[in-house]
Amino acid sequence: MIRNYLKIAFRTLFKNKIFSTINILGLAIGMSSCLLILQYVNYELSYDTFHDNAERIYRIRYDNWQNERKSFECAAAVPAVGPELKNNFPEVEEFTRLFPISGVITYVDPQGNQVNFREEKMQYASPSTFDVFSYDLLIGDAKTALVEPNKLVISESAAKKYFKGEDAMGKIVSLAAWSQEEFEVSGVMADLPENSHIKFDFLLSYETLNNLSENGSETSWGWYDFNTYVLLKDGVDYLAFQEKWDNHLEKVRGEDWEKYNFKQAFILQPLLDIHLYSDLLQESEPEEQGDGNVVYFLIIIALFTLIIAWVNYVNLSTSRAVDRANEVGVRKTLGAYRLQLIRQFLFESAILNIAAIILAIIMVSLALPYFQELTGKPVSFLFFMQSWFWLALAAMFLIGALLSGFYPAIVLSGFQPVTVLKGKLSTSSKGVFLRKSLVVFQFGASVLLIAGTIAVYQQINFMLNQDLGFDIDQTLVIRGPQVIDSTYQNKLQVFKNEMIRESGIKHISASSNVPGDEIYWTRGIRRLQGGPESSTTIYNVGMDYDYLDAFDIEVLAGRNFSKDVESDKEGFILNESTAMLLQFKNLQDAIQKRVAVGGDTGIVIGVIADYHQMSLKNTTTPIVYRLSEGSNSFFSIKIQTGKVNEVMEKIGTEWLTFFPGNPFEFFFLDDFFNKQYKAEERFGQVFSIFSILAIFIACLGLFGLSAFTAQQKTKEIGVRKVFGSSILHILFLLSKEFVVLILIAILIATPITYLLMDFWLNSFPYRIDINLLLFLLAGGIVVVISLFTVSYQTIKAALANPIDSLRYE
């Protein structure tokens with residue numbers, strides 16, 4: 001019997017080559033698209049799962065309230081929290097703290113050859129780091145590697161970079177950051193997996209930081225730059241523990257909170273939630289994290305693409321029902337039971353789905369390198385060896401072969417032999433309604449995907465083209481020198497003078513930060529007379545006299561720092577947000593008022609316009625600017641248009657002359673700033689590509705349905721042509737039904753699309769408004785594509801000889 005099923009199935013598939021090709025291609029594209037997206041989703045959900053105790057590890061989130069308003073939610077906590085938890089709660093098995101730092105690492109080999117690189121991924125780490133996390137220490141003792149001061153554990157990649165295959169253990173390197181420190185390599189660890197929410201190549205012993213900070217990194221309740229993690233014991237309910245911890249914190253810290261009119265909360269955040277569900281201060285995160293909403297949207301696209309492919313199979317199979325009606329009638333006359341026919345048609349569906357799966361695997365293999373480049377994720381061929389992949393394939397096969405094949409099998413096997421053989425076969429109203437409903441679903445999904453793609457790109461373009469409040473163009477930024485000595489400030493001034501003599505250079509400025517760079521320097525600010533009673537923590541930026549001119553930032557009240565006014569060295573410049581925060585009557589009212597910033601006091605000499613320090617994914621924030629003539633973080637150089645290549649060589653030569661031992665590293669500010677939108681741009685590209693594939697599959701289904709409709713109306717078309725109907729009229733006759741269905745799809749999809757895109761856009765503080773034009777454009781695109789799809793069948797039917805048409809049936 002199976003042999004007979006196979007014969008008939010292959011005979012049918014090869015007899016209807018176009019039908020079979022469209023079905024297999026549509027299913028294969030749907031399956032491969034779904035598999036690629038599921039691989040991306042699986043990777044995003046896999047972050048930090050490589051830790052043995054991942055489900056028991058929690059990061060301490062820091063929420064702060066000042067003057068009865070929430071100031072921030074931060075991924076970094078204060079250093080005193082870890083010991084407080086460990087010493088007072090038996091539920092806490094261990095804790096660790098990581099403090100980020102960057103600087104220049106230098107190694108001099110025995111032959112006197114010097115290797116130096118600027119390193120951004122370094123952390124001061126507690127000795128317990130290897131107890132909490134499952135980092136693989138290849139060489140060294142995990143218990144003692146970070147116990148003593150000035151010890152260093154490096155990654156395997158870093159060891160190769162600096163020591164060129166030599167044994168790294170015991171080697172001495174120097175770090176130029178806050179100060180010049182020497183470290184001994186006490187361990188080499190395996191490179192961290194890419195799916196880690198925190199990445200580093202250097203772990204420096206935490207005791208070194210304690211010495212540098214005079215133990216402030218151990219006991220402070222105000223310094224919040226420390227990523228703190230706790231490992232709870234087995235069976236501890238972290239929500240119940242959170243309540244217990246909150247009550248303890250109220251007793252320990254309540255008096256200070258009341259005295260200084262502020263409040264702190266330290267909340268346990270599950271490690272496995274960090275990558276996708278951590279909507280905290282961007283600058284407090286050790287890495288840019290993912291977005292759970294993006295994952296959900298991609299899952300929706302994957303499901304839509306696959307369901308549209310299954311719907312195609314149903315539509316295409318039932319549209320060819322008339323062609324197989326005689327076969328069913330003859331086989332029933334010869335004694336075939338309906339159950340046997342259902343099995344036959346399901347068997348055909350299974351073979352077709354197997355062919356689609358084989359083609360889908362080939363498609364995935366070919367597309368994988370491009371998909372990896374598109375998403376920026378290290379998706380490898382190893383996922384073919386993962387159980388979820390084969391489970392997903394099995395699920396697709398079962399659902400595709402049984403569910404999508406079941407309805408056509410029921411329809412085809414239900415034909416009555418007497419009716420079929422007498423040529424009186426007619427289509428049921430229920431069947432017509434189902435096919436039309438499926439077309440409405442397909443193109444409703446298409447409208448959603450097209451409108452979503454347009455909205456994503458509109459939002460990205462909106463953010464890229466907004467006025468940032470400063471001049472970003474033609475700005476070369478050099479990362480400042482870390483290897484410096486007591487003559488640095490004099491060297492800096494001479495270097496600036498040399499640069500400004502170049503005809504292609506308009507401005508040069510040294511600062512602690514540039515736009516697009518996360519600010520870590522924070523201090524409390526308050527007015528000495530009037531305004532809020534207690535201080536509020538805000539960002540600080542150190543800049544020189546040329547910063548505002550270099551970036552063309554508008555001074556709204558007062559003036560810039562001046563070399564001619566000695567007292568300016570103790571003055572401050574505020575941005576608009578800070579002036580409002582301090583409750584001045586107006587911007588001019590802030591000028592010459594005394595404020596305290598941290599432990600420093602001085603007068604406000606100017607107020608500048610708010611500008612976007614970070615991307616438009618963040619609101620503008622209060623910032624206070626201090627005069628810092630010796631900043632060594634960034635040098636910003638404004639270059640005249642067309643003079644970039646001319647001045648670059650000169651800048652590099654002068655840099656090596658004035659700042660030897662420091663790598664010459666630079667970037668252009670517009671590229672650097674716009675990197676913040678890379679995740680959104682990638683999301684837009686992924687969204688659009690898979691939307692196009694979904695629409696293509698939907699059009700395959702529409703092609704099949706138009707063929708069915710043209711076939712059903714063959715005789716009617718012939719009669720109309722005999723009575724003088726034009727080809728245009730017949731085109732209208734055959735197309736209007738599809739246009740009506742598509743209009744219904746647009747009406748249904750519009751409110752759903754609006755709600756979904758509004759939900760996504762609400763994650764941006766600066767966003768586009770969704771207007772009717774978006775849906776008109778999406779609907780128009782769908783209508784044009786659909787009409788183009790059905791045009792082949794409609795024109796073919798309209799041009800047919802009416803004599804041949806009237807012979808039909």
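Modeller: Start with Arg-479 and Glu-120. Their side chains meet in a salt bridge, at 3.9 Å from N to O. Arg-479 belongs to strand β12 (residues 475-479) and Glu-120 to strand β4 (residues 114-125), so the pair ties together parts 359 residues apart in sequence. A salt bridge here means a side-chain nitrogen of Lys or Arg within 4 Å of a carboxyl oxygen of Asp or Glu. Helices (H or I, at least four residues) and strands (E, at least two) are DSSP runs, numbered from the N terminus.

Keep in mind that this is a predicted model: local features need pLDDT of at least 70, side-chain atom pairs count only at pLDDT 80 or more, and totals for chains, interfaces and linings use all residues. Residues are numbered from 1 along each chain as its sequence is written, and side-chain values use heavy atoms, with hydrogens and water left out.

How covered is this pair? Arg-479 is partly exposed, at 22% relative accessibility. Glu-120 is also partly exposed, at 42%. Buried means under 20% relative accessible area, exposed means over 50%, and partly exposed lies in between (1.4 Å probe, protein chains only).

Next, take Asp-544 and Lys-496. Their closest N and O atoms are 2.8 Å apart, and they form a salt bridge. This pair also links distant parts of the chain, 48 residues apart. Asp-544 sits in the loop between β15 (536-543) and α17 (547-550). Lys-496 sits in helix α16 (residues 488-501). Both ends are covered. Asp-544 is buried, with a relative accessible area of 2%. Lys-496 is buried too, at 8%.

Some salt bridges share partners. Arg-61, Asp-63, Lys-70 and Glu-73 are joined into one network in this way. Look at one link in it. Lys-70 and Glu-73 form a salt bridge, with their closest N and O atoms 2.8 Å apart. Lys-70 is partly exposed, at 35% relative accessibility. Glu-73 is partly exposed as well, with a relative accessible area of 27%.

Now step back to the whole protein. By the salt-bridge rule, the count comes to 27. The protein has 25 helices and 22 strands. Of its 809 residues, 53% are buried. Asp-544 and Lys-496 are two of these buried residues.
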